Amino acid sequence: MSRTSEAISRRSFLSATGATAFSFTVVGSQAARTYAANGKIKLGLIGCGGRGVWIADLFNQHGGYEVYACADYFQDRIDGCGERFGIPKGRRFPYLGGYKGLLECGLDAVAIESPPYFHPQQAADAVAAGKHTYVAKPAAVDVPGCKTIRESGRRASQKKLAFLVDFQTRADPYYMEALKRVHEGALGDFAFGEATYHAGIPWGGHMEALKNNPNDPETRLRAWGMSQVLSGDIITEQNIHTLDVMNWIMRIPPLYAVGSGARTVRPIGDCYDHFTCLYQYADDVGITFSSRQFEGFGTQPEGIRNRMFGNHGVLETEYGGQVLIRGDNFYRGGRSPGIYKDGAVANIAAFHKNITEGDFANETVEPSVQSNLVTILGRTAAYQNRRVTWNELLRDTSRLEYDLSGLRT
């Protein structure tokens, strides 16, 4: 496929997406007025692991929510969550299908913090049940799942429901201002870029448990972050943070990706422990990407970083660190060491505002889906060790399928 035939005009793409963004009609609803009059939004938590309970704490601290019900496969997790937030036993729902009972218990909204494999179906069911929906990143692990999330966002807008995908960087004021300036031309013409996510192994005790019980279905479910299918592999589950910033900078999708990766250092699970990719964009702009999820022995720099080079300047970003623009249009920016929490707090506040003020444009959905697809493009190129085009990826109908045998439904 020739570059000419596949290239996307930046101006035409942005014009089209801008028209889409403004095509929604934002209308206040009776539900919004009811929340304003009666107080707290009743929230159900789907996924009561460490991240889920942490997010529920932030919803509770906001003051505009009541953590009303919870669902998780594991009884110990829902009981721990239930005790923490005073949820009666009748509103604690175990096993794989427990979230369906949660959707029927009289709540207003859900926060989906389960393994990413389950997000598309759980979000679709939540919207179908008339619930406002807050979804952790990544929203999906394959192309059909991404399309399901996009459709759920569209249906939520039609039904006057809020639907938000939680990315902390997109709520950070330094990132927002820097990217605004980049899109206004602060860097001039883009030349090339870099995206990296270098970190240690985040799964702690799950590695030892999986090593000792590799065939136990409940142990494998608890250690979902080490499963290609349940997590989408590290490039989708973790590296999506830096690839989302790359996508935010570019706004248009890449033409194609080439890549490689393997499980060389870490012996447990089937996820790769490193990836390297080249994302090729229109106008001869290439962005290199690399990630690792193992001990770096003190090498620097670590963390989530992006750089974009242009003929008038350079954008530099670090998750939790410095964000700035060097060059002709200097922007000092600043540091956001609390971005992990602060970004989630900002998104929780935005979700509440959208619900109570009747703003159902749900503008986080499309960029989140595109970033999710960018991760899958790189993963596919690395798995298959070949060039994979964006247009080819969008035609992919294959699903990642997880063997749920031995798990309680």
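**Strands, cores and helices**

Mentor: Let us begin with strands β12 and β13 (residues 322–327), which pair in the antiparallel sense over 5 bridges; helices (H or I, at least four residues) and strands (E, at least two) are DSSP runs numbered from the N terminus, and two strands pair if DSSP finds at least two bridges between them. Within this pair, Val314 has Arg326 of β13 as its bridge partner.

Trainee: Before we go on, what kind of model is this?

Mentor: It is a predicted model, in which local features need pLDDT of at least 70 and side-chain atom pairs count only at pLDDT 80 or more, while totals for chains, interfaces and linings use all residues. Residues are numbered from 1 along each chain as its sequence is written, and side-chain values use heavy atoms, with hydrogens and water left out.

Trainee: What is the mean pLDDT of the protein?

Mentor: The mean is 92, with 91% of the residues reaching 70 or more, where pLDDT is the predictor's confidence in each residue, from 0 to 100. Over residues 1–33, however, the pLDDT is below 50, and this stretch has 46 contacts in the model beyond near neighbours in sequence, a contact meaning heavy atoms within 4.5 Å.

Trainee: Back to the hairpin of β12 and β13, then: which residue takes a positive phi there?

Mentor: Gly320 does, with a phi near 85°, in a hairpin that has 3 residues between the strands.

Trainee: Switching topic, what is the strand order in the open sheet of 6 strands?

Mentor: The order is β3-β2-β1-β4-β5-β6, with parallel pairing. β3 (92–94) and β6 (163–166) stand at the edges with a single partner strand each, so one side of each is left without a neighbour in the sheet. Neighbouring strands of this sheet are turned against each other by 20° on average, direction ignored. Inside the sheet, β1 (residues 41–46) and β4 (residues 109–112) run parallel and are joined by 4 bridges, and Gly44 stands opposite Val110.

Trainee: Which strands does helix α4 lie across?

Mentor: Helix α4 (residues 50–62) lies across β1, β2 (65–72), β4, β5 (132–136) and β6, running at about 165° to β2; axes are lines fitted to C-alpha atoms, for helices over the stretch in contact, and angles run from 0 to 180 degrees between N-to-C directions. Helix α15 (residues 339–357) also packs on the sheet, touching β1, β2, β4, β5 and β6, and its direction makes about 165° with that of β5.

Trainee: What about the largest nonpolar core, how many residues has it got?

Mentor: It has 75 residues, and those with the most contacts inside it are Leu102, Phe163, Tyr279, Met308 and Leu315. Helix α16 (residues 365–384) gives the most to this core, with 8 residues. Apart from it lies another core of 26 residues, including Tyr134 and Phe351. A nonpolar core here is a set of buried Ala, Val, Leu, Ile, Met, Phe, Trp, Tyr and Cys residues joined through side-chain atoms within 4.5 Å, and buried means under 20% relative accessible area, exposed over 50% and partly exposed in between, with a 1.4 Å probe and protein chains only.

Trainee: How many residues of helix α14 are buried?

Mentor: In α14 (residues 240–250), 11 of the 11 residues are buried, so the helix is largely enclosed by the rest of the structure. Among them are Asp244, Asn247 and Trp248, and just after α14, Arg251 takes a positive phi of about 70°.

Trainee: And α7, what do its buried residues pack against?

Mentor: They pack against β1, α6 (98–102), β4, β5, α8 (143–158) and β6. The buried residues of α7 (residues 119–128) include His119, Ala123 and Val127, and the helix is followed by Gly130, whose phi is positive, near 80°.
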